[in-house]
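Here's a quick briefing to read with the model open beside you. Have a look at the structure first, then work through the points below.

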Amino acid sequence: METMWLRQTRSLLIVPIFKCLVAICLVISLLVFVESVYMNIVVVYVKLFKRKPEKIYKWEAMQEDIEQGGLNFPMVLVQIPMYNEREVFQLSIGAACRLIWPLDRLIVQVLDDSTDPTIMEMVSMECAKWASKGINIKCERRDNRNGYKAGALKQGMRHSYVKQCNYIAIFDADFQPEPDYLQRTVPFLIHNLELGLVQARWKFVNANKCLMTRMQEMSLNYHFMAEQESGSTRHAFFGFNGTAGVWRLAAMEEAGGWKDRTTVEDMDLAVRVGLHGWKFVFLNDITVKSELPSQFKAFRFQQHRWSCGPANLFRKMTMEIIHNKRVKIWKKLYVIYSFFFVRKIIVHFFTFFFYCVILPTSVFFNEVNIPTWSTIYLPFMITLFNAIATPRSFYLVVFWVLFENVMAMHRTKGTFIGLLEGGRVNEWVVTEKLGDALETKLLPQVKKTRNRILERVNSKEMMVGIYILCCACYDFAFGNTLLYVYLSMQALAFIICGVGFVGT
């Protein structure tokens with residue numbers, strides 16, 4: 001009797017629900033694939049027809065006037081927000097002070113939120129050293145850390161000398177722009193009054209540190225190649241990366257300046273400025289040196305913020321975007337659907353639930369048929385698009401797929417928290433740079449466990465890995481497909497991450 005009841009429950013309830021979940025995932029997979037194809041078509045168009053920004057927008061090199069000297073150059077403010085950056089503050093400050101620009105038309109503003117007295121003194125001495133060389137450098141501090149980076153940038157904009165500046169260049173503490181950075185970026189803003197932002201590409205100095213940094217390089221290169229370049233070319237809009245960009249001060253002020261309502265203050269500002277009708281341009285040929293997290297826990301915290309923040313911003317700004325009267329309906333549709341919904345929300349849910357939950361669980365449901373195009377053909381094409389962005393790492397593509405599926409779990413969790421405004425929605429991660437490696441500190445600080453073995457174990461990865469491994473064993477014993485091959489590799493990836501054997 002009990003067996004009959006279980007069979008009926010399975011056939012009348014569990015199987016239909018599972019079929020429904022599979023159908024939803026298939027629809028989402030098509031949406032993600034179409035979005036990926038669209039971005040790559042735009043990129044191919046740019047490459048084939050050489051549609052570089054210099055051909056789309058006016059650009060002329062700045063020249064000093066013989067009579068006026070550098071007075072024909074606009075005033076530029078370079079902001080460097082930092083927090084206890086013992087290892088890299090000299091690199092970032094030095095790179096900013098070496099920028100080629102008339103000295104009387106450049107202000108370097110170091111926004112030092114450090115709490116370590118020794119580091120504060122070192123930063124002050126470094127600023128004094130460059131001031132003695134004729135650089136107009138300011139070291140600004142505040143008595144609290146309210147709003148974290150957004151709060152520091154907002155406070156920095158309140159100083160009287162900022163009002164005389166036309167453009168604001170922003171660099172995080174581990175970013176080192178080349179000396180000609182301003183010479184190559186600012187002319188776009190000078191000669192094209194409709195432009196509000198010029199964004200450069202990141203270049204990673206420690207990409208070869210370990211396998212995990214190679215995986216990050218592949219993902220971020222695709223982000224720049226596809227998302228940033230396609231957004232810049234087709235819609236003149238993309239998300240500001242928080243660093244390595246130059247803003248028009250008028251555009252920032254019109255949109256209300258910095259806000260600390262989410263942990264992605266950069267994206268928040270970009271969306272608001274974009275909704276005021278300003279255009280953005282992405283310069284793929286200009287790179288700025290930076291670092292990648294080489295510790296797994298640091299990377300996990302970073303990915304939590306990068307997924308939680310956009311989801312929370314989507315929740316806060318959807319109605320504001322819909323009711324906006326300054327931009328056309330097509331741009332609003334692009335921002336809501338492509339920029340937020342597909343790329344920042346459902347892609348995380350789909351990647352984790354389909355490849356790490358639905359697909360493994362399907363081994364227990366012979367009644368459910370998952371089409372091959374959704375498990376092989378579409379994933380293969382999407383993976384190929386990503387791999388093209390980093391040709392030197394093409395042979396690592398299998399490892400990249402498995403690692404991205406592991407990280408999709410954390411991105412999904414972060415997205416849920418952002419949409420529901422959960423307890424960790426405003427959790428901020430400060431990454432302390434160590435030259436070519438990174439060590440993460442969580443704000444507010446939490447007590448570290450004394451048991452180093454338990455500290456290395458990541459329980460979530462272990463649980464998911466063990467579940468997928470059980471599914472692989474079941475499919476190997478009772479299934480009639482080769483799905484267990486993929487499941488075994490994916491389970492191994494979760495378990496390796498679970499025991500902390502990834503990164504440095």
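Predicted model: local features only at pLDDT ≥ 70, side-chain atom pairs only at ≥ 80, totals over all residues.

Residues are numbered from 1 along each chain as its sequence is written, and side-chain values use heavy atoms, with hydrogens and water left out. Helices (H or I, at least four residues) and strands (E, at least two) are DSSP runs, numbered from the N terminus.

**Aromatic rings**

- A pair of aromatic rings is described by the distance of the centres and the angle of the planes.
- Rings of Phe, Tyr and Trp (its six-membered ring) pair if their centres lie within 6.5 Å; planes under 30 degrees apart count as stacked, over 60 as edge-to-face and the rest as tilted.
- By this rule the count comes to 26 aromatic pairs.
- Take Y337 and F341: their ring centres are 6.3 Å apart and the planes are at 35°, so this pair is tilted.
- Buried means under 20% relative accessible area, exposed over 50%, and partly exposed in between (1.4 Å probe, protein chains only).
- Y337 is partly exposed, at 30% relative accessibility, and F341 is partly exposed too, at 31%.
- Ring pairs also link up a cluster made of F175, W202, F224, F237, F238, F240, W247, F280, F282, F314, F339 and F340.

- Two packed helices are described by the angle between their axes and the distance between the axes.
- Axes are lines fitted to C-alpha atoms, for helices over the stretch in contact, and angles run from 0 to 180 degrees between N-to-C directions.
- Angles under 35 degrees count as roughly parallel, over 145 as roughly antiparallel, 65 to 115 as roughly perpendicular and the rest as oblique.
- A crossing is left-handed if the near helix is turned anticlockwise from the far one by less than a right angle, and right-handed if clockwise.
- Contact means heavy atoms within 4.5 Å.
- For residue classes, Ala, Val, Leu, Ile, Met, Phe, Trp, Tyr, Cys and Pro count as nonpolar, Asp, Glu, Lys and Arg as charged, and the others, Gly among them, as polar.
- Helix 9 (residues 265-275) and helix 11 (residues 329-361) have axes that come within 11 Å and cross at roughly 160°, so helix 9 and helix 11 are roughly antiparallel.
- The crossing of helix 9 and helix 11 is right-handed.
- On the helix 9 side the contact uses M267, V271 and G274, and on the helix 11 side K331, F339, F340 and K344.
- Sorted by class, the contact of helix 9 with helix 11 has four nonpolar, one polar and two charged residues.
- Helix 16 (residues 483-498) packs on helix 11 at an angle of about 120°, with the axes 11 Å apart, which makes helix 11 oblique to helix 16.
- The crossing of helix 11 and helix 16 is left-handed.
- Here F352, Y355, C356, L359 and P360 of helix 11 meet L483, Y486, L487 and F494 of helix 16.
- That contact of helix 11 with helix 16 has nine nonpolar, no polar and no charged residues.

**Single residues worth a click**

- N426 lies in the loop between helix 13 (397-420) and strand 8 (428-433) and counts as partly exposed at 43% relative accessibility.
- Leaving out residues up to four places away in sequence, N426 touches Y148, R261, T262 and T263.
- E229 is in helix 7 (residues 211-234) and is buried, at 10% relative accessibility.
- Leaving out residues up to four places away in sequence, E229 touches V46, K47, F224, F282 and N284.
- K50 isn't a glycine, yet has a positive phi of about 50°; K50 is in the loop between helix 1 (2-48) and helix 2 (53-56) and is exposed, with a relative accessible area of 55%.
- N84, in the loop between strand 1 (76-82) and helix 3 (89-97), has a positive phi near 50° and is buried at 9% relative accessibility.
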